[in-house]
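Biologist: I'd like to learn to read this one feature by feature. Can you show me the model before we start?

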Number of protein chains: 2
Amino acid sequence: MAVRGKEFPNCAFRQTLDVLEGKWKFAIIHSLLLHGTMRFKTLERDVAGITARMLVKELKLLEAHGIVSRRAYATVPPTVEYTLTECGLSLEPIIEAIQAWGEKNRAVISQA
Amino acid sequence: MAVRGKEFPNCAFRQTLDVLEGKWKFAIIHSLLLHGTMRFKTLERDVAGITARMLVKELKLLEAHGIVSRRAYATVPPTVEYTLTECGLSLEPIIEAIQAWGEKNRAVISQA
């Protein structure tokens, strides 16, 4: 099972928005791009402002969409690691474009 | 007054996400990029699934952020047109990156 996008069957743009929708997915993908494989607690700390509950929910959606892979280790307590899949890694140009726009428009952004 | 981004003062990426947050802003920017200046009703039809109320709210935020400009004409009934500002137009690389990802991952997106 990969990525939800039935509402706009012929609009790749809106289907992508549908998949990446929500305040946190871009931020999670951004962290995983920067740091590679991350454990849950590390990811929770890195994505400033997110709650554990929201992180669980968004990671489940990203996993269902085939953007993130999850690996659990039978340690005590159990350890879970998250990694971007190839599909997830291919989102890098979007993340870079957002970063570049933010840096160029920092004066605009911080005046709000 | 330009763009809200106080929550993550030194992270251009998160400030940009803060500004572009929400299901509809990208879709509105996408339509204005494609069609240039648009009237409210035309924009409402073009952004599939949006309600008039949500469009009013998102356009107000985009205007406050300096991304969209609004022009009203004293016709009867009054006519209002929306156009991307220079700052808004500079979002094009993000929109293009989302479009390109969607087209490359169409198989992944539509399987959801």
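Modeller: Start with helix α2 (residues 25-35) of chain A, which lies across β1, β2 and β3 of chain A and runs at about 90° to β3(A). Axes are lines fitted to C-alpha atoms, for helices over the stretch in contact, with angles from 0 to 180 degrees between N-to-C directions. Contact means heavy atoms within 4.5 Å.

Biologist: What should I know about the model and its labels before going on?

Modeller: Residues are numbered from 1 along each chain as its sequence is written, while chains are lettered from A and ligands numbered from 1 in the order in which they are written. This is a predicted model, where local features need pLDDT of at least 70 and side-chain atom pairs count only at pLDDT 80 or more, though totals for chains, interfaces and linings use all residues; side-chain values use heavy atoms, leaving out hydrogens and water.

Biologist: Good. How many helices and strands does chain A have?

Modeller: Chain A comes to 7 helices and 3 strands, in the order α-α-β-α-α-β-β-α-α-α along the sequence. Both kinds are DSSP runs numbered from the N terminus: helices are H or I with at least four residues, strands are E with at least two. As for how the fold is tied together, residues 24 or more positions apart account for 44% of the contacts in chain A with a separation of 6 or more.

Biologist: Back to α2(A). How many of its residues are buried?

Modeller: For α2(A), 8 of the 11 residues are buried, so this helix is largely enclosed by the rest of the structure. Buried means under 20% relative accessible area, exposed over 50%, and partly exposed in between (1.4 Å probe, protein chains only). The buried residues of α2(A) are A:Lys25, A:Phe26, A:Ala27, A:Ile28, A:Ile29, A:His30, A:Ser31 and A:Leu32. Just after α2(A), A:Gly36 takes a positive phi of about 75°. For the chain as a whole, 46% of the 112 residues of chain A count as buried.

Biologist: Now the sheet under that helix. In what order do the strands of chain A come?

Modeller: General idea: strands of a sheet pair through backbone hydrogen bonds, either parallel or antiparallel. Here, chain A has an open sheet of 3 strands in the order β1-β3-β2, with antiparallel pairing. The edges are β1 (38-39) and β2 (68-73) of chain A, each pairing on one side only. Two strands pair if DSSP finds at least two bridges between them.

Biologist: Which residues of β3(A) stand opposite A:Met38 and A:Val68?

Modeller: A:Met38 stands opposite A:Tyr82, and β1(A) and β3 (residues 79-84) of chain A share 2 bridges in the antiparallel sense. On the other pairing, A:Val68 has A:Leu84 as its bridge partner, with 6 bridges joining β2(A) to β3(A). As for cover, 5 of the 6 residues of β3(A) are buried.

Biologist: What joins β2(A) to β3(A)?

Modeller: A hairpin, through 5 residues. A:Pro77 sits in that loop between β2 and β3 of chain A, and a cis peptide bond joins A:Val76 and A:Pro77, with omega about -5°. In chain B, B:Val76 and B:Pro77 are also joined by a cis peptide bond, omega again about -5°, and B:Pro77 is in the loop between β2 (68-73) and β3 (79-84) of chain B.

Biologist: And which strands stand at the edges of the chain B sheet?

Modeller: Chain B has 3 strands in an open sheet of order β1-β3-β2, with antiparallel pairing. β1 (38-39) and β2 of chain B are at the edges, each with a single partner strand, so one side of each has no neighbour in the sheet. Between β1(B) and β3(B) there are 2 bridges, and B:Arg39 has B:Glu81 as its bridge partner. Helix α2 (residues 25-35) of chain B packs on this sheet, touching β1, β2 and β3 of chain B, at about 90° to β3(B).

Biologist: Now between the chains. At what angle do the two α6 helices pack?

Modeller: Helix α6 (residues 92-104) of chain A and helix α6 (residues 92-104) of chain B pack at about 175°, with axes 8 Å apart. That makes α6(A) roughly antiparallel to α6(B); under 35 degrees counts as roughly parallel, over 145 as roughly antiparallel, 65 to 115 as roughly perpendicular and the rest as oblique. α6(A) contributes A:Pro93, A:Ile94, A:Ala97, A:Ile98 and A:Trp101, and α6(B) contributes B:Pro93, B:Ile94, B:Ala97, B:Ile98 and B:Trp101.

Biologist: Why does that spacing along a helix make sense?

Modeller: An α-helix has 3.6 residues a turn, so residues three or four places apart point the same way. By type, the α6(A)–α6(B) contact has 10 nonpolar, no polar and no charged residues. Ala, Val, Leu, Ile, Met, Phe, Trp, Tyr, Cys and Pro count as nonpolar, Asp, Glu, Lys and Arg as charged, and the others, Gly among them, as polar.

Biologist: Last one: how many disulfides are there?

Modeller: The search over all chains finds 0 disulfides, a disulfide being a pair of cysteine sulfur atoms within 2.5 Å. Among the cysteines, A:Cys11 is partly exposed at 21% relative accessible area, whereas B:Cys87 is buried at 13%.
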